[in-house]
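Welcome! Please take a look at the sequence and the model below before reading on.

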Amino acid sequence: MQKESKDQKVTDSIPRVAVLQILQVLHHIADSGGKSTFEKVRLFLLQRSQRATPSSRFAMYTIARDVLIDLQKLQLVQTGILPRTQSQMESLAEAPCELTEAGHSLAEVYKERPGHAFDQLLVTWINNHPYFHAFIVRLHQQPLCVPDITSVKQLGSEVRSEENLNTLSHRIVDHCLKRLSNMPFPRTKEEPFTHAVGERVQELGRMTLSGLDAKKWVDTIQDKVVIPSLLTAEELPFTDAVTFQHVLKAAKDFFAASWTASHPELSLRVIFSTCDFQPPAIDSQASITEVIHHGKSFAAPLFVAALRSAYSRVAKPVGSYADAYAVRAIVCIDLQIQPRVFAACLGDLMSTDPTPELTIYTELPFDSPPPGEDYIEIDRNRIGLLKLASS
Amino acid sequence: MPLKSFFQTAWDLNGNPFSGKATYAEDSQIVYVPEMFGSQREEFLRKFVQAPLENGQPLIGAVWSVVPGDPKARGFGKSTLMGEEAKRINQDFGFATLIHLGVSETDARANPVLASYVSFNTKANEGIANIDAACFQLVRFLLRCADAKGVKTHLRLRERAVAKLLKEGNAVKDQESRAIVMAVEERFRQLAVTIDIRNLLEEFLMHLASPDTDALEKFLSTVGAWHHNRNGLKYLQLFVAFAELADIQHFTFFIDQVEDFTSESQPSKIRKNVKIIRDALLESEPFASRASFVFQLHPDAYRKLRDAWTHEDLHDLNYDSPLNKPYVVVLKGLDNFKAACLLAERCLNHPQYALPERERGIHPFTDSSLEKVWQTTKPRPRWFIRVLHDLLELAKDERVSVLDEKFINPTKLKALSSKMQQDDEEELEDQRDDRLA
């Protein structure tokens, strides 16, 4: 994955794994006396996996490989030659892995204070993964808005049979820019976005798109056109949808960012930062040394005002029940907090006695949470609707 | 480029917005104009949706249409009112309906309700000819409904049921389906009359408990007539128990075309099914505490049903008894021109038919010509709609753009309305003729 920047090519490799898996493997190697093998790591990951994986001697090998490659890149582990393909599994299964001193130290932190270990790893990631660093810097400028295409109807169902690729490009551009106009999407980005959409549609060509069923067609437009074009316009060093997805997932795992598509006034997926750094992340040259999360203590003093404001924007009329997911979206974006911090702050408010100034009513949901988002849960209570009352 | 039709060029319409048959079929995309029923719509909803919640007790009720000298009294909109209001209620579990009736938002949220509709139809393929068959179709109606975003009722109920079970500590994450099944089974264990949940019924329960609505619908479509004609009641019992988990406080079941059931059944069968109505639907859980049954009646149907009804000591549903007023709605039809005008206007301007450039209003009809049609066909909405349909077709044929009093002359009107009456009688004849069974 390479992108021409002004001065130099920036390359990176974001592992297709969960951050938790990286720390768990580190801990596992530490527990094994600081030494292990590729096969043992693979079996450890298999055992931990909650998904139903087939019992095969290759199951989870790509994840084991990606985890160890990343740990090596971060100088937390030293490994022998790792298998790159299934055919190499036999001969390289016993490839050794050994913790470095830094790896031992981080494993120790993980054992005592897992949250701190995540933060240390986050700092290491930012300083060693340029794609991730660029993404975090971008989020600290302002939220990143994505005009996801999830249905043919968004572009008009007749567009699937459109022969003229220029017409298809224009339709995509018009639709996306219209949605992006609700946010500050500078004109300086519109042109590169438009140009990139045109290029990508031409690259795909008529042959690729014809014959696809509706779902595959939509996925292709989203992953091969919209996302890469947006990333190009945003001048990020990576432009493929898979890398974007993994960067985003890692940011969420680290509690460095979150996203929502439930903002009632924006028909966009909004990705926003949920922590600060020292030195500030906006300074893209300096190495990060510290993470400052926007936790409950950060949000609590601001929460009531933000909740009231969000509720008044969502409830129609004010005084009636409002969609809790929409309220959560507004509050989380405004305060730049994780959804679970929202739930924690809301839970604290609800656990206190109602006051004349604020009484909170909730209803259980009839609807599932929006795609990609979690339930709003306080203790065992799922919240679908919210009402604020004050005298 | 296809040629524009006369409907498009003269009237800015996509087609004829009035149905030629104007008979209700729950699957058809009819233009439903609730205002055409005037204050009777509120009366209907108050009696059959709000009152059971207020009283804490379900009821049995009836929707009548009565025309002196016409024991069938068809075409008053009974089926349309029952079927379409049931769909509306199910869109949001009765929230908008209760708010419309003046219930507070808090109370409306705390009292989600459901409604269903079934029409006895002995002539249909795998006809609905007994209570079990009717109950099975009541379940299918409920599961066909969706909210404004297209999310099916089943999924929404399941979501709520899971949230409630989790809150009560009766479910753990990732084992929600199992928790629902156990909760329903436990419900039936507590009842005096249990049902044996095995084989297909067990499969139905598992599908209800799972989030896969498509699989549930596929399953129901494969349940054969032989089975559901004998077990349909159990399907409804299971569904009601499932919906109870989701806090549904009340069900209103509308039973249509009772005359179809009575006309095709021997007295012994009528008695048997009325007994089932009493024993299983009215006096046993899970229905006894939260399910109201509203029957569509006219004099002919009630006459045939009456003996069995009285024998089972069921509440009298006669329309002319003042004591029955809380349980009975007698539809008056289009008894004033304002309602008729509103019906025509809504149909003519419905987004399904009106092109964007069409101006609102009743054109190509004029006020006076429309009133003439109403005068001739009142009070039956069905006749009114059919005549309007035929007039548009005639005008299209003759290339007449304005349907004024000159076009809608008395001779034409008389011929059309006689045709309506004849069509109705022929329809009845068809239903009586065994060769068409």
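## About the model

This is a predicted model, in which local features need pLDDT of at least 70, side-chain atom pairs count only at pLDDT 80 or more, and totals for chains, interfaces and linings use all residues. Residues are numbered from 1 along each chain as its sequence is written, chains are lettered from A and ligands numbered from 1 in the order in which they are written, and side-chain values use heavy atoms, with hydrogens and water left out.

## Domains of chain B

Chain B splits into domain 1 (6-21 + 335-436) and domain 2 (34-317), with bounds that come from an automatic or database domain assignment. Taken over C-alpha atoms, the centres of these two domains of chain B are 34 Å apart.

## Where the chains meet

Here 17 residues of chain A are in contact with 20 residues of chain B, contact meaning heavy atoms within 4.5 Å. Together the two chains bury about 1,700 Å², 49% of it on carbon and sulfur atoms; buried area is the accessible area (1.4 Å probe) that two parts lose on being put together, summed over both. On the side of chain A, the most area is lost by A:Leu364, A:Phe366 and A:Arg380, together 42% of what that side buries.

The interface of chain A and chain B holds five salt bridges, each being a side-chain nitrogen of Lys or Arg within 4 Å of a carboxyl oxygen of Asp or Glu. One of them joins the side chains of A:Asp367 and B:Arg156 (2.9 Å, N to O). In chain A, strand 14 (381-382) and strand 15 (385-389) are the elements that give two or more residues to the side touching chain B; strands here are DSSP runs (E, at least two residues), and helices are runs of H or I with at least four, numbered from the N terminus.

Two strands pair if DSSP finds at least two bridges between them.

Strands 11 and 15 of chain A pair over two bridges, and A:Ala322 stands opposite A:Leu386 in strand 15 of chain A.

## Salt bridges overall
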